[in-house]
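Subject: Structure for you to look through

Dear colleague,

I am handing over the structure below, and I would ask you to keep it open while you read the notes that follow it. Please bear in mind throughout that the model is a predicted one.

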Amino acid sequence: MILSCQKITKSFGGKNVLNQINFLINEGEKAAVIGINGAGKTTLFKIITGEYEPDSGEVVFQKDTSCSYLSQVIDVRSTRTIYEEMLDAKKEIIEMEEKIRSLEKDISLETGERLSASMDLYSRLTDKFEKANGYAWKSEITGVLKGLGFTEAEFNTPIYTLSGGQKTRVALSRILLSRPDLILLDEPTNHLDMDAIRWLETFLSNYRGAVLIISHDRYFLDKVVTKVIEIEQGVSNVFHGNYTRYAEKKKAQRDALLKQYMNQQQEIAHQEEVIARLKSFNREKSIKRAESREKMLQKIDRVEKPLMFDQKMKIRLEPEVTSGNDVLTIEKLSKSFGDKHLFSNLDMEIRRGEVVGIIGANGTGKTTLLKIINRHLRGDSGKIAYGAKVTIGYYDQEQHVLHDEKTIFEEISDAYPKLTNTRIRNVLAAFLFTGDDVFQTIGTLSGGEKGRVSLAKLMLSNANFLILDEPTNHLDISSREILEEAINGYEGTVLYVSHDRYFINRTATRILDFSPSGIVNYRGNYSYYLEQKEAGNIEADSDDLTSAAGSPEPVKESSSKEDWIRAREEAARIRKRENDLRKTEDKISRLEEENDQYREEINLPENSTDAEKLMELSEKIEKNEQELLSLYEEWEQIQLTD
């Protein structure tokens with residue numbers, strides 16, 4: 001055990017954020033803390049590091065444990081260069097090396113006891129130096145900086161001149177080079193491109209120390225962690241395995257609890273029906289039997305409806321007009337900024353129904369291409385043509401489409417005046433704006449919050465061609481899943497830039513890989529792209545795409561692609577089953593809520609003497625109960641479908 005959190009409780013302003021949080025981190029273990037935004041994950045990290053005091057409970061470290069923390073907000077104004085900052089991280093190793101070099105000089109001049117003492121110290125220092133991998137400290141600094149996306153030309157850049165994202169990468173580099181016993185990382189992949197994220201995955205997987213990570217990057221968590229600590233409604237639950245294993249276990253738990261709840265509701269409805277029939281006989285014996293059953297029913301330990309059963313929002317993207325088959329055609333498009341060449345002679349076509357993901361390192365022109373397509377920038381040369389009846393919906397990371405003076409609610413309601421308040425609130429809730437949150441003004445929001453408002457606004461549009469720039473940034477896992485479901489059910493066309501590999505894997509039907517040497521087309525999702533790239537295969541159809549590097553020869557249809565098509569069909573079947581389940585659950589939830597409302601009306605004093613009203617309400621409840629019995633059976637049948 002290197003870290004133990006024991007019954008950690010924390011409240012802010014009377015609101016209980018963490019309640020009896022318990023978990024252990026063992027030496028060398030890689031674990032994740034997950035939960036919706038606002039669940040208390042960062043608060044927990046600040047308690048572990050001592051920045052916050054818990055209201056109760058304690059944090060226990062193994063003796064002499066070293067710990068480093070990467071927060072989401074890095075404000076470094078150091079005048080040191082990036083490389084000098086890394087030298088400071090290796091200060092102990094460098095000083096040890098200098099001492100060894102000094103001893104080597106002394107040994108050549110000393111004799112007798114002084115020589116013996118110096119030789120003994122030299123032996124101990126060199127042994128310690130070797131165990132600390134001291135001879136490789138220079139290459140280690142270079143490797144970490146390059147791995148996290150810095151070029152050698154940037155090593156001498158003063159830190160105070162860097163952007164926030166670059167400062168975060170500097171801070172992360174320093175932590176990795178200092179090699180503490182425990183690393184706490186809060187959203188470490190936010191400012192990394194795919195190559196840097198893959199490098200970090202490998203580094204952390206092989207790291208000898210323990211790592212505790214907050215991240216919404218599910219693909220990253222799958223690669224790195226072996227334990228998931230979930231915080232839900234202030235309570236912690238520990239799952240062993242990576243993120244996918246956690247998601248499977250969580251779903252199994254939810255389904256089991258939901259089945260238990262459904263079965264109990266079915267039995268309660270049956271017992272209530274029997275009680276009503278016994279009472280209707282209006283005989284002494286039947287009334288006593290009814291009363292006996294009522295007492296038994298009251299003593300039942302009722303199963304609570306599982307969390308998220310009826311709380312998860314669904315967003316349906318429904319284009320008002322269907323576009324033509326040819327949505328976008330680009331011919332010989334080129335773009336440079338001064339000496340910075342991005343792409344030239346780019347030819348590509350996008351057809352209706354495609355979901356095209358653009359990936360690649362930072363600075364290769366991905367966002368620039370989206371801005372040119374959306375007419376926010378001009379290309380240096382080339383043509384762009386839209387197909388018939390194409391209507392664009394654009395999501396911009398910089399949030400140029402928002403109005404600072406409006407509230408969140410006004411931003412949506414002014415753009416879509418025909419929408420009901422309930423519809424607007426439901427969509428905003430899906431993107432984590434609930435209650436009075438919706439009355440905050442846009443100008444007071446953080447960049448991440450503005451991104452969520454923009455995305456919510458876009459989801460309500462009737463566009464048939466969505467262009468999205470990093471749509472999952474600043475979304476928690478639940479909101480990402482909502483967006484994925486919306487895109488997978490969308491009948492229009494989507495083009496997006498993203499570093500979220502899990503999101504790409506679940507949504508993309510085609511991938512464009514941008515690199516300095518050119519742009520390559522892969523007809524499949526992210527897993528298929530990886531298979532083809534690792535096998536050295538490149539798919540490119542000159543009718544679809546060319547780039548600065550020219551058109552690579554197309555490869556034959558592979559068994560991998562056939563497997564991907566089958567997997568896609570299987571995924572579609574599973575999504576249909578899940579949609580059927582959700583629809584049934586929605587109906588059940590609606591009818592249960594109606595009956596709760598009818599029962600409240602029955603108990604109103606003004607209705608107690610209105611026999612006609614009471615009869616009408618009772619009949620409505622009875623009708624709903626009959627429908628609920630059928631729905632419970634329907635839900636169970638869907639669950640049993642393989």
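The residues that line the second largest pocket divide into ten nonpolar, seven polar and nine charged. This lining is made up of 26 residues, and the pocket that they surround has a volume of about 770 Å³. The elements that give two or more residues to the lining are helix 3 (91-107), helix 4 (112-131), helix 6 (164-178) and helix 7 (194-206), and the largest share, four residues, comes from helix 3.

The other part to look at is strand 6, which covers residues 182-186 and is mostly covered, with five of its five residues buried. Which residues lie on each face of strand 6? On one side are Leu182, Leu184 and Asp186, while Ile183 and Leu185 are on the other, and all of them are buried.

Strand 6 also has a strand to pair with in two cases, as follows. Strand 5 (residues 67-70) runs parallel to strand 6 and is joined to it by four bridges, and here serine 68 has isoleucine 183 as its bridge partner. Strand 7 (residues 210-214) likewise runs parallel to strand 6, with five bridges between the two, and leucine 182 has alanine 210 as its bridge partner. Finally, strand 6, helix 7 and strand 7 together make a right-handed β-α-β unit.

With best wishes

Definitions and conventions
Residues numbered from 1 in each chain as written. Predicted model: local features only at pLDDT ≥ 70, side-chain atom pairs only at ≥ 80, totals over all residues. Heavy atoms only, no water. 1 Å grid on protein atoms, 1.4 Å probe; cavity = no way out; pocket = protein on both sides within 12 Å on 5 of 7 lines; lining within 4 Å. Points joined across faces, edges and corners; volume = space filled by probe spheres on them. Nonpolar A, V, L, I, M, F, W, Y, C, P; charged D, E, K, R; others polar. Buried < 20%, exposed > 50% of the residue type's maximum accessible area, 1.4 Å probe, protein only. Pairing = 2+ DSSP bridges. Right-handed = clockwise from strand over helix to strand, strands pointing away.
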